[in-house]
Amino acid sequence: MTSSPRGSARSQSEELLERIRTIDPLTNAVCTVHPHALTQADRLDEEAAAGTVRSPLHGRAVLVKDNIDTHDLPTTAGSLALADAPPPTADATLVQRLRAAGMVVLGKTNLSEWANIRDEASTSGWSAYGGLTRNPYGLNRSAGGSSSGSGSAVAAGLAPYAIGTETDGSISCPAAFNGCVGIKPTVGTVPTAGVVPVSRSQDSPGPMARTVADAAALLTVMAANGIEYAEHAVPGRLAGKRIGVPRATYWGYSPHADAAAERALGLLAAEGATIVDNTDLPPLADEVWADEMVVLLAEFRAGVADYLATRSGAVPRTLDEIVDFNRKHASTELAHFGQGLFEDALAGPTQGSPEHRAARQRGLEAARKGGIDRVLREHALDALVTPSYPPAHPIDLVNAESLAGACTGPTAIAGYPLVTVPTELAAGLPVAVSWWGPAGSETHLIEIAHGYEAARDRSSGPLAAPTFPGFL
């Protein structure tokens with residue numbers, strides 16, 4: 001069910017911990033290593049020796065993004081405001097599922113602080129608690145965000161599996177930048193209880209791994225809905241699939257990404273998929289993007305207060321108190337960018353207000369009914385495919401980041417799934433394609449993504465792993 005080699009849980013964990021010790025000083029992807037990881041591994045090996053194997057991922061190591069609660073490790077969301085607080089008293093629901101499946105929680109991964117909702121001029125991959133995460137394919141290049149450490153860690157071989165969270169691009173971007181597979185499930189497929197929130201409407205935790213099969217196997221554990229997603233990562237599922245190309249609206253922002261996506265279309269067609277070109281949906285108007293921000297900020301203000309009420313110790317309890325903490329610790333928290341979005345959230349509409357409800361409804365009309373749903377229905381499509389992101393941009397802690405384009409907006413607002421798979425290296429940096437589908441279409445997207453991945457591997461081989469001269 002998984003493509004990674006097997007061995008004892010202890011031997012795998014020892015190898016990974018050594019790799020973290022030697023490689024992670026370069027990437028800074030892991031912000032906390034579990035001090036009892038080998039104890040976990042030994043216990044799982046004992047179970048396996050006694051005939052108890054909890055799941056196909058029994059004994060496998062996973063890294064968890066540091067905005068997801070773990071009862072035995074800090075959860076900080078990258079903020080110094082939570083750094084000295086006791087660990088949460090309970091695991092997030094999804095972490096409970098990882099442990100129940102027999103996975104070794106190896107540690108926590110760094111992220112863009114507060115999942116990149118603090119300021120529009122942020123630097124992806126930076127947090128006051130965890131520092132700056134770097135891209136293993138180019139240490140001067142961005143690891144994307146906000147699941148920066150999860151993407152970087154998988155690419156650098158620090159763990160075979162990692163957990164990310166996405167509100168708009170936070171799994172897809174680091175997957176594309178770091179050359180790994182990312183699945184953002186339909187909102188609600190994976191529970192968000194115990195996850196530091198951004199938006200109840202758009203938040204979705206998901207798996208990151210080196211292959212589609214591995215990511216699908218991890219999604220099975222995270223979702224616990226009875227669907228064996230990895231059973232859909234099998235050969236022969238591309239024939240007959242109708243895949244649309246929204247060329248006018250979601251191509252054209254990167255010649256490197258476009259060229260790779262064109263080659264991906266050729267491989268899909270050669271495997272029997274029907275490529276339906278120019279199946280465009282309208283670009284999201286400026287008003288829709290503004291509505292999305294109204295929704296995110298209103299829901300963040302309410303959601304973060306609800307989350308902070310679950311934490312013990314001397315932590316802020318409201319967004320106002322977080323803003324005040326940051327001002328008092330400006331030399332560290334505000335060293336590279338501000339907290340303009342936090343301040344906008346305090347001044348803007350509240351969750352449940354007429355403004356919030358109207359913005360949410362307009363977004364759904366544009367992204368679902370007038371966008372993805374319409375084009376899939378009119379052309380009888382199984383999925384859409386687009387370039388994911390341009391190659392990773394250089395890290396800049398002075399100037400605000402800018403992206404020429406991205407693929408994630410419509411699926412984020414709609415709450416629909418998105419599967420991102422690397423295609424090739426462009427000037428030494430990964431580029432990727434992403435498949436979109438309607439709610440609950442993860443199995444179809446996994447079939448398509450796995451079929452493409454297999455065709456890519458036969459054509460040009462798997463994506464080359466990053467190299468670290470002088471290291472293992």
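1. The structure is a predicted model. Please read every point below with that in mind.

2. As background, strands of a sheet pair through backbone hydrogen bonds, either parallel or antiparallel.

3. Look at strand S2 (residues 61-65) beside strand S3 (residues 104-109). They pair in the parallel sense. Five bridges link them. For a place to look, find Lys65, which stands opposite Thr109 in S3.

4. **A hairpin.** Now turn to strand S6 (residues 134-135) and strand S7 (residues 138-142). They run antiparallel, joined by two bridges. A hairpin of two residues leads from S6 to S7. Here Asn135 stands opposite Gly138 in S7.

5. **A cis peptide bond.** Most peptide bonds are trans. The bond that joins Gly145 and Ser146 is cis, with omega at about 5 degrees. Ser146 sits in the loop between S7 and H4. Check this spot in the viewer.

6. **Two positive phi values.** Most residues other than glycine have a negative phi. Trp114 is not a glycine, yet its phi is positive, about 50 degrees. Trp114 lies in the loop between S3 and strand S4 (126-127). Ala224 also has a positive phi, about 50 degrees, without being a glycine. Ala224 belongs to the loop between helix H6 (212-223) and strand S11 (242-245). Ala224 has 48% relative accessibility, so it counts as partly exposed.

7. **Helices H9 and H13.** Take helix H9 (residues 286-308) and helix H13 (residues 354-378). Their axes come within 8 Å and cross at roughly 130 degrees. H9 is therefore oblique to H13. The crossing of H9 past H13 is left-handed. On the H9 side, the meeting residues are Val288, Asp291, Val294, Val295, Ala298 and Glu299. On the H13 side they are Glu355, His356, Ala359, Arg360, Arg362, Gly363 and Ala366. Sorted by class, this contact has six nonpolar, two polar and five charged residues.

8. **Helices H10 and H12.** A second pair is helix H10 (residues 319-328) with helix H12 (residues 340-347). They pack at an angle of about 145 degrees, with their axes 10 Å apart. H10 passes H12 in a left-handed crossing. From H10, Leu319, Asp320, Ile322, Val323, Asn326 and Arg327 take part. They meet Phe342, Glu343, Ala345 and Leu346 in H12. By class, the contact has six nonpolar, one polar and three charged residues.

9. **Val375.** Back to H13, which also contains Val375. Why is Val375 called buried? Its relative accessible area is 0%, and buried means under 20%. Leaving out residues up to four places away in sequence, Val375 touches Thr279, Asp280, Leu381 and Leu384. Now compare sequence with space. Val375 and Gly244 are 131 residues apart in sequence. In space, their C-alpha atoms are 8.5 Å apart.

10. **Ser172.** Is Ser172 buried or exposed? Ser172 counts as buried because its relative accessibility is 1%. Ser172 lies in helix H5 (residues 172-178). Residues up to four places away in sequence aside, Ser172 touches Glu166, Tyr389, Thr408, Leu418 and Thr420.

Notes. Residues are numbered from 1 along each chain as its sequence is written. This is a predicted model: local features need pLDDT of at least 70, side-chain atom pairs count only at pLDDT 80 or more; totals for chains, interfaces and linings use all residues. Side-chain values use heavy atoms; hydrogens and water are left out. Axes are lines fitted to C-alpha atoms, for helices over the stretch in contact, and angles run from 0 to 180 degrees between N-to-C directions. Helices (H or I, at least four residues) and strands (E, at least two) are DSSP runs, numbered from the N terminus. Angles under 35 degrees count as roughly parallel, over 145 as roughly antiparallel, 65 to 115 as roughly perpendicular and the rest as oblique. A crossing is left-handed if the near helix is turned anticlockwise from the far one by less than a right angle, and right-handed if clockwise. Contact means heavy atoms within 4.5 Å. Ala, Val, Leu, Ile, Met, Phe, Trp, Tyr, Cys and Pro count as nonpolar, Asp, Glu, Lys and Arg as charged, and the others, Gly among them, as polar. Buried means under 20% relative accessible area, exposed over 50%, partly exposed in between (1.4 Å probe, protein chains only). Two strands pair if DSSP finds at least two bridges between them.
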